[in-house]
Amino acid sequence: MITSTISPSLKIGLGVIGMWPDSSCRTFFWFFYMATLVAMQYFQYSYFFARLGTNDFSKLMDGLSITLDYTLTFLKLLSLWYNRRIFADILTAMNDDWNNCSTYSHSYVMTSKANLAHRCSNVMIFINSLSTIFYFIGSFVSHRTLSTGGEKNLREFPMQVQFPFDAATDSPIFEIIVLGLFLHVWETAAVIALLNSLILTLVLHVSGQIDIMCQGLREIPTTKKSRSSAIRLLIEKHQRIISLSNNIENYFSFVALIQFIWNTVVICSIGIMIVISLGMDVEGKSGLLIQSIMPYIAVTLEAFVFCFAGEYLSTKSKSISDAAYETLWYELSTSECRILLLVIVRSQKRLTITAGKVMDLTLEGFTAVRFLSFLSATDDSCCLYTYRFIDLNSNNHEYCNWI
């Protein structure tokens, strides 16, 4: 029987990177993984700055997109580690909610939400793992990791990194490094999926508590003595819901802010890659498209999860006022009606998740930001590709006039 909204895969994943409270050697695991992120960032930015003045724009943008994704993950983990005590309080409140499930209907509501949260976590981990596999397949399709003609200087890694030693392209060191890069990128993609599934899991847990409260409001007893006790318990549950929602908002507020800023930059760079790949020859187009489309889907899904969680939480919080109004309030006493009126007034202030206390995370905001990001990416990339095309075909006046 399910006894927690957090799935076993999510709990194990958070324990591996040292984010689960009271896990053994959590500090060591967290510092070890963060040290690997710092090392990867050094190799990635070394590649980027070393080739900043080159003409290989597609490869440069390809390396920039995954480099920015690594930077985003690093900043998110720093923020979550700084607020680790809030996460411990959230887990404690969630355990108390499960222990307070005294009736079958309450257990059924929480179990259904937990099943949904477990499935969402597994799907997110699978999609990000699939994105990593497609990214490395795209590298091999575009001949980025295979040596050409046995020349050592043409062997390149599947992702844009630059190591400070020349022996990195020698066998078997080259193969070992490629395997290590794949495992680390897959682990980072899994960590991103874990963080996304975490916020969705917490929101689903709060929504389960809201459904239980709405059920309790519709089933207020008719006898006065039991009715007063039930209303008092409902008020306490409403306060716990508000407190848990505020902790979730404080835990993910800064993460959501950097998520939107960084994802906008990443989507712009990936959009530039997609448009550039449309103007390439057939041989190099397939590999670049495979590398671009799956990361774009993963990044878009990452932003969508945050906005969907905020929208879902806001919508569920409004249902409390509807349930309070649908009670048999005309059979209650004047003091009890005043209490329900205060519940309705308080529930009209929506529970939400903000991006750095600046904007609410809603689906409307998601569509606006994604559309503007992709539009700016395609416009800029078209201009960049147009300038390169004119420069390469400056003698072709017909194409220049058409552009």
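Leaving aside neighbours within four places in sequence, which residues is His 106 in contact with? I opened the predicted model with that in mind. I found Cys 101, Ile 212 and Gln 215 in contact with His 106.

**His 106, continued.** I placed the residue in helix 5, which runs over residues 104-141. The relative accessible area of His 106 is 19%, and the cut-off for buried is under 20%, so I put His 106 down as buried.

**Helix 4 on helix 6.** Next I went to the packing of helix 4 (residues 84-99) with helix 6 (residues 173-218). I noted an angle of about 40 degrees and axes 11 Å apart. Helix 4 and helix 6 are therefore oblique to each other. I logged their crossing as left-handed.

Who meets whom? From helix 4 I listed Phe 87, Ile 90, Met 94, Asp 97 and Trp 98. On the helix 6 side I wrote down Leu 198, Leu 202, His 205 and Gln 209. Sorted by class, this contact has six nonpolar residues, two polar and one charged.

**Helix 2.** Last, I checked the length of helix 2, residues 26-50. With 25 residues at 1.5 Å a residue, helix 2 should span 36 Å, and I got 36 Å between its end C-alpha atoms, so the two agree.

I also went through helix 2 for burial. My list of its buried residues has the aromatics Trp 30, Tyr 33, Phe 43, Tyr 47 and Phe 48. It also has Met 34, Leu 37 and Met 40, along with Arg 26, Gln 41 and Gln 44.

Technical notes:
Residues numbered from 1 in each chain as written. Predicted model: local features only at pLDDT ≥ 70, side-chain atom pairs only at ≥ 80, totals over all residues. Heavy atoms only, no water. Axes fitted to C-alpha atoms, helices over the stretch in contact; angles between N-to-C directions. Helix = DSSP H or I, 4+ residues; strand = E, 2+ residues; numbered from the N terminus. Parallel < 35°, antiparallel > 145°, perpendicular 65-115°, else oblique. Left-handed = near helix turned anticlockwise from the far one by under 90°. Contact = heavy atoms within 4.5 Å. Nonpolar A, V, L, I, M, F, W, Y, C, P; charged D, E, K, R; others polar. Expected span 1.5 Å × (residues − 1). Buried < 20%, exposed > 50% of the residue type's maximum accessible area, 1.4 Å probe, protein only.
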